Amino acid sequence: MTTTNPLALASASDIKALVSTGTVTYTDAIARVDEVLTRKSLTDGKKARWTRLREWLVREKAQPEAVVA
């Protein structure tokens, strides 16, 4: 049985959900978004959506974890 990368075919909203649930790390998600952004075939609207996702990932990664008492 082969293991598939959950990011391989993930859409922008899928990636956000995968990160939010802890299925993938912020670092892996940012790397995948960077791969998508290097495609020349992205339309301006799609490029803007992926760029916003990358910005969100970077912001969320920079925030310290909330401490639950």
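Student: Does L53 count as buried or exposed?
Tutor: L53 has a relative accessibility of 7%. Buried means under 20% relative accessible area, exposed over 50%, and partly exposed in between (1.4 Å probe, protein chains only). The value for L53 is therefore read as buried.

Student: What kind of model is this, and how are residues numbered?
Tutor: This is a predicted model, in which local features need pLDDT of at least 70 and side-chain atom pairs count only at pLDDT 80 or more, while totals for chains, interfaces and linings use all residues. Side-chain values use heavy atoms, with hydrogens and water left out, and residues are numbered along each chain as its sequence is written, from 1.

Student: How many helices does the protein chain have?
Tutor: Helices (H or I, at least four residues) and strands (E, at least two) are DSSP runs, numbered from the N terminus. The elements run α-α-α from that end. The chain has zero strands, and its number of helices is three.

Student: Which helix holds L53, and which residues does L53 touch beyond its neighbours in sequence?
Tutor: L53 sits in helix α3. Contact means heavy atoms within 4.5 Å. With neighbours within four places in sequence left aside, the contacts of L53 are A12, I15, K16 and V33.

Student: What distance separates the C-alpha atoms of L53 and I30?
Tutor: Along the chain, L53 and I30 are 23 residues apart.

Student: Which residues are in contact with I15, leaving aside its neighbours within four places in sequence?
Tutor: I15 is among the core residues that touch the most other members. Its contacts under that rule are L7, A10, A29, R32, V33, W50, L53 and L57.

Student: What is the side-chain polar contact partner of R32?
Tutor: A polar contact is a pair of N or O atoms within 3.5 Å; within protein, one must be able to donate a hydrogen and the other to accept it, and residues adjacent in sequence count only if both atoms are side-chain atoms. At 3.0 Å, the side chain of R32 makes such a contact with the side chain of E35.

Student: What is the relative accessible area of V19?
Tutor: V19 is in helix α1. Beyond four places in sequence, V19 is in contact with V24, T25, Y26, A29, W56 and L57. V19 is buried because its relative accessible area is 6%.

Student: How is N5 classed?
Tutor: N5 is in the segment before α1. Its C-alpha atom is 9.5 Å from that of V24, 19 residues apart in sequence. With a relative accessible area of 48%, N5 is therefore partly exposed.

Student: Where does K16 lie relative to W56, and at what distance?
Tutor: A charge sits over a ring if NZ of Lys or CZ of Arg is within 6 Å of the ring centre and within 35 degrees of the ring normal. K16 lies over the face of W56, and its distance from the ring centre is 4.7 Å.

Key:
Core = buried A, V, L, I, M, F, W, Y, C linked by side-chain atoms within 4.5 Å.
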